[in-house]
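Please read the following with the sequence and the coordinates open.

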Amino acid sequence: MNHIGTQRIETQNLILRQFTYDDDSAMLKNWIADENIQSMYSEPTYTTKEAVDALLNQYINLYQSNDYYRWAIIAKENEECIGQIAYFLVDTKNNFAEIEYCIGSAFQCRGFATEATKAVIDYGFSKIKLHKVQICHKSINIPSKRVIEKCGFHYEGTLRDYFYMNGVYVDRLYYSILEHEYQ
């Protein structure tokens, strides 16, 4: 693997870049305070500027490590942070990483999650030299399933009753794409 850290990626509609402290207001407005968004990838909500700044401090300090990969998703149309995407699990020994992402409700169903995910997959294979990229979604998150399918992932399996949410159990479905499948 070739660890190069979180570098800027530009796509047709998005800029993926490191978070800055100036992102806090857009994060609060667009996604991080939204329980529905945050619960889909098992993260807490952050409802105050102080809480978001503390989280940003963690993200920004971790950028010093060349094996840390977390991008702010910036929409070119408004130059605001509309979500985030990361390789939150990086396994150097086995040359794979797992993607997580979220997009604010007002920006969903516009192809942004797919565009960002495809860019991060390409980054993983072409820059980091990963062998495998994996991703998962909760069984109740059908929009995320569609993003995963559009990105060319292959279904691997289901971890049944993995999450307990609002009084019910929810499955976790795993997908992957291998380097030779991507090329």
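Buried means under 20% relative accessible area, exposed means over 50%, and partly exposed covers the range in between. The model is a predicted one. Glutamate 181 has a relative accessible area of 36%, so this residue is classed as partly exposed. Its place in the fold is helix H6, which covers residues 179-182. Setting aside neighbours within four places in sequence, glutamate 181 is in contact with His154 and Ser176. A polar atom of the glutamate 181 side chain also lies 2.8 Å from the backbone nitrogen of leucine 178. Glutamate 115 is 66 residues away from glutamate 181 along the chain, and the C-alpha atoms of the two are separated by 18 Å.

Glutamine 38 belongs to helix H2, residues 35-39. The relative accessibility of glutamine 38 is 1%, and because the limit for buried is under 20%, glutamine 38 counts as buried. Again leaving out neighbours within four places in sequence, the contacts of glutamine 38 are Trp31, Ile32, Glu43, Pro44, Thr45, Tyr46 and Cys102.

How many disulfides does a search of the whole structure find? The search finds 0. A disulfide is a covalent bond between the sulfur atoms of two cysteines, and the cut-off applied here is a sulfur pair within 2.5 Å. For cysteine 102 the closest cysteine sulfur is that of cysteine 81, at 8.1 Å, and therefore too far for a bond. Cysteine 109 is in no disulfide either, the nearest cysteine sulfur being that of cysteine 151, 14 Å away. As for accessibility, cysteine 102 is buried at 4%, whereas cysteine 109 is exposed at 74%.

The charged pairs come next. Side chains of opposite charge can pair when their charged atoms come close. The structure holds 11 salt bridges. In one of them aspartate 24 pairs with lysine 49, with the closest N and O atoms 2.6 Å apart. This pair links distant parts of the chain, since aspartate 24 is in helix H1 (residues 24-30) and lysine 49 in helix H3 (residues 49-62), 25 residues apart. Aspartate 24 is buried, with a relative accessible area of 6%, while lysine 49 is partly exposed at 43%.

A further salt bridge joins glutamate 100 and arginine 70, whose closest N and O atoms are 3.0 Å apart. Here the linked parts of the chain are strands: glutamate 100 is in S5 (residues 96-103) and arginine 70 in S3 (residues 69-75), 30 residues apart. Are glutamate 100 and arginine 70 buried or exposed? Glutamate 100 has a relative accessible area of 11% and is buried; arginine 70, at 10%, is buried as well.

Arginine 110 and glutamate 77 also meet through their side chains in a salt bridge, at 2.5 Å from N to O. In this case the partners are in loops: arginine 110 in the one between S5 and helix H4 (112-128), and glutamate 77 in the one between S3 and strand S4 (80-91). The two residues are 33 residues apart, and the pair links distant parts of the chain. Arginine 110 is partly exposed, with a relative accessible area of 43%. Elsewhere, salt bridges that share partners join Arg8, Glu10 and Lys76 into one network.

Terms used:
Residues are numbered from 1 along each chain as its sequence is written. This is a predicted model: local features need pLDDT of at least 70, side-chain atom pairs count only at pLDDT 80 or more; totals for chains, interfaces and linings use all residues. Side-chain values use heavy atoms; hydrogens and water are left out. Helices (H or I, at least four residues) and strands (E, at least two) are DSSP runs, numbered from the N terminus. Buried means under 20% relative accessible area, exposed over 50%, partly exposed in between (1.4 Å probe, protein chains only). Contact means heavy atoms within 4.5 Å. A polar contact is a pair of N or O atoms within 3.5 Å; within protein, one must be able to donate a hydrogen and the other to accept it, and residues adjacent in sequence count only if both atoms are side-chain atoms. A salt bridge is a side-chain nitrogen of Lys or Arg within 4 Å of a carboxyl oxygen of Asp or Glu.
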